[in-house]
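These are my notebook entries on what I looked up in this structure, written for a reader who is new to it.

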Amino acid sequence: MEADLRLFIFDVGGVVAENTSVVPRICDYLDIPQDRFIELAGHESIQALQMGKMTEEAFAIHLSEKTGKEVPANIWSIFFNPVPIEGTVKTIEKLKTRYRVIAGTNTIDPHYRIHKSRNDYGLFDEVYASHLMGLAKPDPEFYRHILCAENCPPEEAFFVDDTLKNVLAARNLGIVSFHFTEPSALEERLKEFL
């Protein structure tokens, strides 16, 4: 059955690039505890950022009001410096010689723009970004949107993510899914396709 796979969907942060979580650095900069960030920022605000319904600037104003501290308008950009995970990049390059390889990523506009400016997304045949889709993982509609756009049934798609709930959501739709922990484990999992 797996021999029929023809579409490979990769999460970006934590799978293709590391050093992508800026929350610890934002917390250090604002001198607020990491465990209070979600509470102060608001889960809804972070979700709105990921779904393209709030700008980075609006988020900064919101966080300023919640913390009583001056938050730079480009707070999400100034600390964002992703580093490619070479093992994953090599696996993608091998896959691309025979298959369609795309990104399916929960991201925010400033991070998307930085990745684009560095040509990080040049690795993929297509990029499906949450803030442009208005949908975010683990919402089943995120995966359905991609499968529909790619004209691919779930059983012919392979999805890899470092967040288990996203992997399980894809698996529940019938997508062959893999929980990423390290590049060598991914390469081993995909060896028949490389």
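I take helices (H or I, at least four residues) and strands (E, at least two) as DSSP runs, numbered from the N terminus. The model is a predicted one, in which local features need pLDDT of at least 70 and side-chain atom pairs count only at pLDDT 80 or more, while totals for chains, interfaces and linings use all residues. Residues are numbered from 1 along each chain as its sequence is written, and side-chain values use heavy atoms, with hydrogens and water left out.

**Entry 1: backbone in the loops**

For burial I use relative accessible area, where under 20% is buried, over 50% is exposed and anything in between is partly exposed (1.4 Å probe, protein chains only). Asn151 counts as exposed, because its relative accessibility is 63%.

Asp31, in the loop between α1 (23-30) and α2 (37-41), is another non-glycine residue with positive phi, here near 55°. Asp31 is exposed as well, with a relative accessible area of 61%.

I then found a cis peptide bond between Lys137 and Pro138, with omega about 10°; Pro138 is in the loop between α8 (130-133) and α9 (140-150).

**Entry 2: the nonpolar cores**

A nonpolar core is here a set of buried Ala, Val, Leu, Ile, Met, Phe, Trp, Tyr and Cys residues joined through side-chain atoms within 4.5 Å. Which members of the largest core touch the most others? Of its 27 residues, these are Phe8, Phe10, Val16, Phe124 and Phe158. Two or more residues each come from β1 (7-10), α6 (86-95), β4 (100-105), β5 (126-129), β6 (157-161) and β7 (176-179), and α6 gives the most, with three.

For Val16 I listed the contacts (heavy atoms within 4.5 Å), and beyond four places in sequence they include Phe10, Val83, Ile92 and Phe124. I also noted a second, separate core of 20 residues, with Ile32, Phe59, Ala60 and Phe80 among them.

**Entry 3: aromatic pairs**

Rings of Phe, Tyr and Trp (its six-membered ring) pair if their centres lie within 6.5 Å, and planes under 30 degrees apart count as stacked, over 60 as edge-to-face and the rest as tilted. Searching the whole structure, I found twelve aromatic pairs. Phe8 and Phe158 form a tilted one, 5.7 Å centre to centre with 40° between the planes. This pair links strand β1, where Phe8 sits, to strand β6, which holds Phe158, across 150 residues. Phe8 counts as buried, since its relative accessibility is 0%, and Phe158 is likewise buried at 0%.

Tyr99 and Phe193 have ring centres 5.9 Å apart and planes at 70°, so I record the pair as edge-to-face. Tyr99 is in the loop between α6 and β4 and Phe193 in the segment after α11 (183-189), 94 residues apart. Tyr99 is buried at a relative accessible area of 15%, and Phe193 is buried at 1%. Ring pairs link Phe8, Tyr99, Phe158, Phe178 and Phe193 into a cluster.
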